[in-house]
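Visitor: I have a structure open and would like to learn how to read its features one by one. Could you walk me through it?

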Amino acid sequence: MIWWLHVASVWFMTGLIWLIQLVHYPLMDRIPPDGFIEFHQSHSFRITWIVAPVMLLELMTSILLIKDCLPQEPLCWHHSHERLHRNSMVKSLQQYELLK
């Protein structure tokens, strides 16, 4: 479920970005210079209501997906070295028993 929410939000944002790049920004050339500041403020206010919720969804699903991919126990050199040592001891004992 999280994966599909993430994919949907990413594709939504991709489509929105392309729409803005190909349609909206080229039309900005037609705005008179004396009205550009007002236009930009209005654009920023309105686009935020569309973009912000989807960006937050992207962020939350990204964090959850990353969290699911991380190992459950913390990795550190001491623990991995301990496991490696334990495994080599077990192998040595197994070989020793096989030699008897």
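Guide: Gladly. Let us start with burial: of the 100 residues of the chain, 11% count as buried. Please keep in mind that this is a predicted model.

Visitor: Now the fold. How many helices and strands does the chain have?

Guide: There are 3 helices and 0 strands. Read from the N terminus, the elements run α-α-α.

Visitor: What share of the contacts with a separation of 6 or more comes from residues 24 or more positions apart?

Guide: Such residues account for 77% of those contacts.

Visitor: Let us turn to the nonpolar side chains. What is the general idea?

Guide: In soluble globular proteins, nonpolar side chains tend to be buried together. In this model, the largest nonpolar core has 5 residues, namely Met13, Leu16, Ile20, Val51 and Val54.

Visitor: Which elements give two or more residues to this core?

Guide: Those elements are α1 and α2. The largest share, 3 residues, comes from α1.

Visitor: Which residues does Val54 touch, if I skip those up to four places away in sequence?

Guide: Val54 touches Ser9, Phe12 and Met13. Met13 is also a member of the core.

Visitor: Which side chain makes a polar contact with the side chain of His6?

Guide: That partner is the side chain of Thr61, at 2.8 Å. Leaving aside neighbours within four places in sequence, His6 is in contact with Glu58, Thr61, Ser62 and Leu65.

Visitor: Where is Ser62 found?

Guide: Ser62 is found in helix α2, which covers residues 36-69. With 25% relative accessibility, Ser62 counts as partly exposed.

Visitor: Finally, the surface. Which residues form a nonpolar patch there?

Guide: The patch is formed by Trp18, Leu19, Leu22, Val23 and Leu27, with about 520 Å² of accessible area together. One of them, Leu22, has its place in helix α1, residues 2-27.

Visitor: Why does Leu22 count as exposed?

Guide: Leu22 has 57% relative accessibility, and exposed means over 50%, so Leu22 falls in that class.

Definitions and conventions. Residues numbered from 1 in each chain as written. Predicted model: local features only at pLDDT ≥ 70, side-chain atom pairs only at ≥ 80, totals over all residues. Heavy atoms only, no water. Patch = residues over 30% accessible without salt bridge, like charges linked within 9 Å, V, L, I, M, F, W, Y side chains within 5 Å. Areas by Shrake-Rupley, 256 points an atom, 1.4 Å probe, with all protein chains shown as cover. Salt bridge = Lys/Arg side-chain N within 4 Å of Asp/Glu carboxyl O. Helix = DSSP H or I, 4+ residues; strand = E, 2+ residues; numbered from the N terminus. Buried < 20%, exposed > 50% of the residue type's maximum accessible area, 1.4 Å probe, protein only. Polar contact = N/O pair within 3.5 Å; in protein donor to acceptor, adjacent residues only side chain to side chain. Contact = heavy atoms within 4.5 Å. Core = buried A, V, L, I, M, F, W, Y, C linked by side-chain atoms within 4.5 Å.
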